[in-house]
Amino acid sequence: MTTYDIDSSNANAIEARDMSIYYGAFRAVNKVSLAIEKNKITAFIGPSGCGKSTVLRSFNRMNDLVPTARTEGEIVFRGKNLYAPDVDPVEVRRRIGMVFQKANPFPKSIYENIAYGPRINGWRGTKAEMDELVERSLRGAALWDDVKDKLQQSGLSLSGGQQQRLCIARALATQPEVILMDEPCSALDPISTLKIEELMFELRQRYTIIIVTHNMQQASRASDYTAFFLMNSERAGELVEYGTTEQIFHNPKDERTEQYISGRFG
Amino acid sequence: MSAESINPEERSVGVLPEGPAVKQNIARRQLIGQIWRGIFFFAIVFGLVALLTLILDVVNDSFGLIATQSEVDEQEITGGRELEDLSQAELVAILNENLSRRVLTRLNREQPLEERDAANLVEVIETEVLKTELVAVFPLWESLTQRAAIEERVTERFPRAELSWKAWVNWDFITTPMSSVAFNAGVRTAILGTLWVTMLTALIAIPVGIFAAIYLEEYADHRVWYNKIIQTNINNLAGVPSIIYGMLGLAIFVRVLEPFTSGAFFGVSSGGGATLNGRTILSAAFTMALLILPVIIITGQEAIRAVPNSLRQGSYGLGATKWQTVWNIVLPQAFPSILTGIILAVSRAVGETAPLILVGASTFIVTDPNGPFSKFTVLPIQIYTWTQQPEQEFKIIAAAAIVVLLIVMLFLNATAVLLRNYFRSKRVSV
């Protein structure tokens, strides 16, 4: 079993090299290469169907759950290819957490929602230590003050924005290094969205964040780097341009990027 | 063709109602809705009426007046006192006085009269001396509404007969074993047999059914041809007539696996030293389990499929293995619905008759089942056997047995429903 104890001095948290992803015979993503910098927020933007979510999900091998999916190329995390034959996706997902488009708290109590991740990953400790871990995770997701008096209530009793922060807290509890967010605010109102964005800035100090978003404003105000994806003529997603958010939004090199950002298509 | 030549703006797009037509249109749509509502309501009424008719019919037969007649007048032998008031010694005296030497010898051989208690002696006097006989029975409705006519008819035909109320469903009926005389027969063996077969069936079918459902939903790759065949077959098996399962059970469990199902392999001998064979509770339970497995599997699959995929993804995303996800997330969420399927399936097993006739349920048995290797009978078999008898009394105790069967079923279902509600409340949700 591979472990990731050797910390590379590399400033990149994770790096895709020539990633192609197939669903059956259909090539959904074509030769994507990009390096994600540590402790930064990287936004993936692009029109629907351009493969940005697929690329995101390949970073913690969630695509493996689709029976027909097949991956070519490498994703390097801590100096090791995540798709090497001796890597178990179960370990990858502990190190690289995920927050989904629709908040999906488990139908358990708020406390159990947080405790679930550590427990299934072989956590050992006392009840007091688990209490501490739950509190720290909820504080990390800026949810502690909202829920500290009702930890035994169902996670489903929270509002939409709170549920999404609960899912972030849940991901933090397994102490990941990278957090993948797949359109986490698409079902939230503007105030909840703002809260999540503020939270992302906080989290950036300790985690690397990759976020897929359809919201241009969100990408421009809440990310350090932006990657723009587009479908090619064979309907396969390709990385068109990747750079600092500043550069992509103000000085795009590719014509298609410029057209997309200025709202001329997509 | 001509439409294409016209300017697109001028092509007809139909007409939506306007003005008074709106009101008319809405009234019509509401009326249709009302009519359908009535039809749906009628379906409920139909079901309720059918159920009520069944219950009334059964209850009607289970209670009512009976006419009994004794060969000897009770007052004559007791000197005008009630049998129940006599002491043990007096009762023994009456027996010694009224019975032939041969009968007395037989009774004393079973158990000396002096050692018997008063209740037993009263019973012996009733059967051996008074020879109380049931001469007529009347259903509840008739007993209530035409009491005078009944009395008149009875005194005319059986001058010495006594008319009394009888509830055929009573504690004695439930605790007495089978008898060839309807008046003395009970359903004790059948109730115990039903409980044994049902419990064993559930014990076999529930785990196998749930595990199979989990495999088919969570693990099996539906694109592979053999999984498709398995799925199709399970769906079809749910519709196979139960008698076919009886034939299967007879061939496999009773005949081929006889050493196991008779208990011989485990060194167990059938109760009462009877000949060993495979017609045991175990064979019946396996047959019933096969019968209800498809139903449990299919409803289990539905329940598992109804668990939102986002929950599975959330669990995998935290680093859970497939097994952890199924056990901690999917099953707790699906369990109440799985239980609903189990309740329906087990209820079916409780009432099933045909396969057990083939597997060899005894039609007449007086010893209690004492384990999986016992011979047995069950309530539906008992009911079926009694309805086949020519005497009217048997039809009446069949009705009484139906009441008992309904009560047993209600009891089992209530337990399962309570269990389901418990799991539902444990599953924290909004």
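The model is predicted: local features need pLDDT of at least 70, side-chain atom pairs count only at pLDDT 80 or more, and totals for chains, interfaces and linings use all residues. Residues are numbered from 1 along each chain as its sequence is written, chains are lettered from A and ligands numbered from 1 in the order in which they are written, and side-chain values use heavy atoms, with hydrogens and water left out.

**First stop: the interface**

Select chain A and chain B together. The contact (heavy atoms within 4.5 Å) involves 28 residues of chain A and 21 residues of chain B. About 2,000 Å² is buried between the chains, and carbon and sulfur atoms give 63% of this area. Buried area is the accessible area (1.4 Å probe) that two parts lose on being put together, summed over both.

Six residue pairs, both at pLDDT 80 or more, are in polar contact between chain B and chain A. A polar contact is a pair of N or O atoms within 3.5 Å; within protein, one must be able to donate a hydrogen and the other to accept it, and residues adjacent in sequence count only if both atoms are side-chain atoms.

Next, select α15 (309-317) and α16 (322-351) of chain B, the elements that give two or more residues to the side of chain B that touches chain A. The most comes from α15(B), with seven residues. Helices (H or I, at least four residues) and strands (E, at least two) are DSSP runs, numbered from the N terminus.

**Second stop: the cavities**

On a 1 Å grid over the protein atoms alone, a cavity is a set of points where a 1.4 Å probe fits but cannot get out, and a pocket is an open set with protein on both sides within 12 Å along at least five of seven lines; lining residues have an atom within 4 Å of a point. Grid points are joined across faces, edges and corners, and a volume is the space filled by probe spheres set on the points.

The structure holds two cavities of 30 Å³ or more. For the largest, of about 40 Å³, select lining residues including B:Thr194, B:Val197, B:Thr198, B:Met288 and B:Leu356. The largest share of this lining, three residues, comes from α10(B).

For the second largest cavity, of about 30 Å³, select A:Met98, A:Phe100, A:Arg170, B:Gly314, B:Gly317 and B:Leu318, which line it.

**Last stop: the largest pocket**

The largest pocket holds about 1,500 Å³ of space.
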